[in-house]
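Thank you all for making the time this morning.

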Amino acid sequence: MSYEIIQQQLDKNWRLFDSERINFLREVMTWLSHPDKDIRIIQIAGTNGKGSTGAMLREIILASSETVGHFTSPAVFNDCEQIWLNGNFVSQEAWVTAYEDLNHQLTQHNLTIANLSYFEVWTIVALLIFRQNKVTYAIIEAGLGGRDDATHMISYGDIVAYTEIGLDHQNILGHNIESIAQNKADLITGGTLVVSDLEQVSAVTKILKRTAKREGAHWFEQHDTISIQSETVNGLCLVINQQRYQLGLNGAFQRRNAAVVWQVLSALELRYQVSFNIAARQKGLANSFMVGRMQVDTTNRLVWDGAHNIDAVRALLETAKVWQLSTRPILILGVLSDKNYDDMLAYLLPVFSEIIAVTPDNPRALAAEDLADTIKKLAPNMIVTPVASQEALALAQQKQGKNQYIMITGSFYTLRSVGEHYA
């Protein structure tokens, strides 16, 4: 069966409300002889910054001449972006080979691939590929929450790292920061080293520490001195422990993510008696790259960013403010209906000259016309044009003035809908 046909058949729903789901997935892992136990696993959870943190770790490990796998989500332009193998996207052929191993085991136990969701399949396939290629480290990002997330099928992670935890997916994870933090904290298993963004709100840190103690995990905390030396549309420069680092990633918020990365590296050095020297760290940070996260095309003056909640929108706008753009940018915006998009709009509307509204390619999408109506109610004088996603970029570029940037945001699904053919 071809890669394309398999992808069409996968169940795109999240299966998050079955209390026995993780036990079932761990049984599947047993049938596959536990690929999670053959590699050193770094799990990353949080609300914002998982992808950036994973990308920095991936590139620093590569620069240290180690083999590394990286499972991240969601994909932006191509599903294979979700699995990195030694610095490259996985091939469709390698994906299908691992999938066939999984499907064979399901068949042997009188099940079919319909018994797994898209995200569960991709998580398992990633682990099989990493084992097959004998990577030294596997970086695994949680998809949604922690306790019920498919990545919790990993029975033991060497390190669990938490980026900033904030309000997101409140209809699923909980209506306050404490509930969300506890859901994500429940990813922790006994014996792991736990690190966290040191600027978490105090309630979150308390929950993470309490859960680590309850599960028999070990809290690891290291305070590094990190400051921003410069930030422009061309990149970010950090000074970490008096050493200069040029990043391939944009955004002042990367300072916090880099602090998590430094803690993870120190935890790995402690646990495995390895070393990630300054030269490898410099090369890794400079090579760090993410699709659709503060991805800047200075030639065409485009910014692609999958900001999909209030914290991420604020981070995007704070970065744009530092850039001191000479002209207010044009915004291409699409959101999901279950997001707090009214509050997102409160931050976005004052910044942009006009908005092109689109419908993201997702069943939970808010229709472009409904988004445009909401914007007009909040800002009657704003120029808003609802269009089909595939027409949005061409329209924005027709309107684009000299030195004016176009920003595409609101959801990773928006980026995919708008830029699939462009990228």
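What we have here is a predicted model, in which local features need pLDDT of at least 70 and side-chain atom pairs count only at pLDDT 80 or more, whereas totals for chains, interfaces and linings use all residues. Residues are numbered from 1 along each chain as its sequence is written, and side-chain values use heavy atoms, with hydrogens and water left out.

Let me begin with Arg58, which is found in helix α3, residues 50–63; helices here are DSSP runs of H or I of at least four residues, and strands are runs of E of at least two, both numbered from the N terminus. Is Arg58 buried or exposed? Arg58 is buried, with a relative accessible area of 1%, where buried means under 20%, exposed over 50% and partly exposed in between, using a 1.4 Å probe and protein chains only. Leaving aside neighbours within four places in sequence, Arg58 is in contact with Val68, His70, Trp84, Ile139 and Phe289, contact meaning heavy atoms within 4.5 Å. With one of these, His70, the side chain of Arg58 also makes a polar contact of 2.9 Å, that is, a pair of N or O atoms within 3.5 Å, where within protein one must be able to donate a hydrogen and the other to accept it, and residues adjacent in sequence count only if both atoms are side-chain atoms.

Staying with α3, its axis comes within 9 Å of that of helix α9, residues 254–272, and the two cross at roughly 45°; axes are lines fitted to C-alpha atoms, for helices over the stretch in contact, and angles run from 0 to 180 degrees between N-to-C directions. That makes α3 oblique to α9, since angles under 35 degrees count as roughly parallel, over 145 as roughly antiparallel, 65 to 115 as roughly perpendicular and the rest as oblique.

Helix α12, residues 341–348, and helix α13, residues 368–378, pack at about 55° with their axes 11 Å apart, and are therefore oblique to each other. Their contact is made by Tyr341, Asp342 and Leu345 of α12 and by Leu371, Thr374, Ile375 and Leu378 of α13.

Finally, Asp224 lies in the loop between β8 (218–219) and β9 (226–232), and is partly exposed at 22% relative accessible area. Its side chain makes polar contacts of 2.9 Å with the side chains of Gln222 and Asn241.
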